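Please keep the structure in view while reading.

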Amino acid sequence: KELRSRGVYASKSKKRDSSKDRDFESSLRAVLQRSSAENHLNCCQKVILSFAKDAGLDEEIAVSIGAGFGSGACSGELCGAVSGAVMVLGLMYSGGESPSVKEAVTSFQGKFKEKYGSLRCKEILGYDFSIPGEKDRAIEDGAISENCPGIIEGAKALLAETIEELK
């Protein structure tokens, strides 16, 4: 409720006028440019952004809240794509009605683990980002560019499947 009162959630009923669209696009561009030196979003941000409208979340906020969850929250732990999916499910199923957030998250995580063998970034990619220089090594070795895009798309598909099954 507090977040809603501060305008974090996008209103589904409000239509944007063209000046607000330009302001929004300008703001989103600024956030995207700040998201990394290479102007790329992390795994978490990409998943959240894909489902922001469905979850009633402003896209600028979606990008911002996911910023610290890439590379397994910078430690190689919970995969950023999983973190993003869990955030989306929390937004969609936290109203206390059935299905519960726990049911939704458990379902998604089970599917993800079955497909990728783990929920942990360091186990999926084979690099421990908590070790200084390890992320640079993963980038140089191509582990991120070769694996993460497919994992992100897989997570988005599993998330959509989970949401559809819970309808």
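Helix H9, residues 134–141, packs against H10 at an angle of about 85°, and the two axes lie 5 Å apart. Since angles from 65 to 115 degrees count as roughly perpendicular, H9 is therefore roughly perpendicular to H10. On the H9 side the contact is made by Lys135, Ala138, Ile139 and Asp141, and on the H10 side by Ala143, Ile144 and Glu146. By residue type, this contact between H9 and H10 comprises four nonpolar and three charged residues, with no polar ones. The model is a predicted one, and the values discussed here are to be read accordingly.

The overall architecture provides the setting for this pair. The protein chain contains 10 helices and zero strands, and its pattern along the sequence reads α-α-α-α-α-α-α-α-α-α. Of the 167 residues in the protein chain, 38% are buried. Among contacts in the protein chain with a separation of 6 or more, 65% are between residues 24 or more positions apart.

Which residues touch the most other members of the largest nonpolar core? They are Val47, Leu89, Phe108, Phe112, Leu125 and Leu159, in a core of 30 residues. At least two residues of this core come from each of helix H3 (43–55), helix H6 (80–93), helix H7 (101–116), H8 and helix H10 (143–165). The helix that gives the most to the core is H10, with eight residues. A second, separate core has six residues, among them Cys44, Ile48, Leu57 and Met87.

Apart from neighbours within four places in sequence, Val47 is in contact with Ala81, Gly84, Ala85, Val88, Ile152, Ala155, Lys156 and Leu159. Leu125, the other example, is located in helix H8, which spans residues 121–125. Is Leu125 buried or exposed? Its relative accessibility is 11%, and the limit for a buried residue is under 20%, so Leu125 counts as buried. Once residues up to four places away in sequence are set aside, Leu125 touches Ala143, Ile144, Asn147, Cys148 and Ile151. Two of these partners, Ala143 and Ile144, also belong to the contact of H9 with H10. The C-alpha atom of Leu125 is separated by 8.3 Å from that of Ala138, a residue 13 positions apart from Leu125 along the chain. Ala138 is itself one of the H9 residues in the contact with H10.

Helix H10 also holds Gly154. With a relative accessible area of 6%, Gly154 is buried. Beyond residues up to four places away in sequence, Gly154 touches Lys115 and Tyr116. Between the C-alpha atoms of Gly154 and Ala81 there is a separation of 9.0 Å, although these residues are 73 positions apart along the chain.

The cysteines call for a separate look. How many disulfides are there? The count is zero. Cys43 takes part in no disulfide, and the nearest cysteine sulfur, belonging to Cys148, is 4.2 Å away. Cys43 is buried, at a relative accessible area of 16%. Cys121 is likewise in no disulfide, and the nearest cysteine sulfur in this case is that of Cys79, 5.9 Å away. The relative accessible area of Cys121 is 8%, so this residue is buried.

Conventions
Residues are numbered from 1 along each chain as its sequence is written. This is a predicted model: local features need pLDDT of at least 70, side-chain atom pairs count only at pLDDT 80 or more; totals for chains, interfaces and linings use all residues. Side-chain values use heavy atoms; hydrogens and water are left out. Helices (H or I, at least four residues) and strands (E, at least two) are DSSP runs, numbered from the N terminus. Buried means under 20% relative accessible area, exposed over 50%, partly exposed in between (1.4 Å probe, protein chains only). Contact means heavy atoms within 4.5 Å. A disulfide is a pair of cysteine sulfur atoms within 2.5 Å. A nonpolar core is a set of buried Ala, Val, Leu, Ile, Met, Phe, Trp, Tyr and Cys residues joined through side-chain atoms within 4.5 Å. Axes are lines fitted to C-alpha atoms, for helices over the stretch in contact, and angles run from 0 to 180 degrees between N-to-C directions. Angles under 35 degrees count as roughly parallel, over 145 as roughly antiparallel, 65 to 115 as roughly perpendicular and the rest as oblique. Ala, Val, Leu, Ile, Met, Phe, Trp, Tyr, Cys and Pro count as nonpolar, Asp, Glu, Lys and Arg as charged, and the others, Gly among them, as polar.
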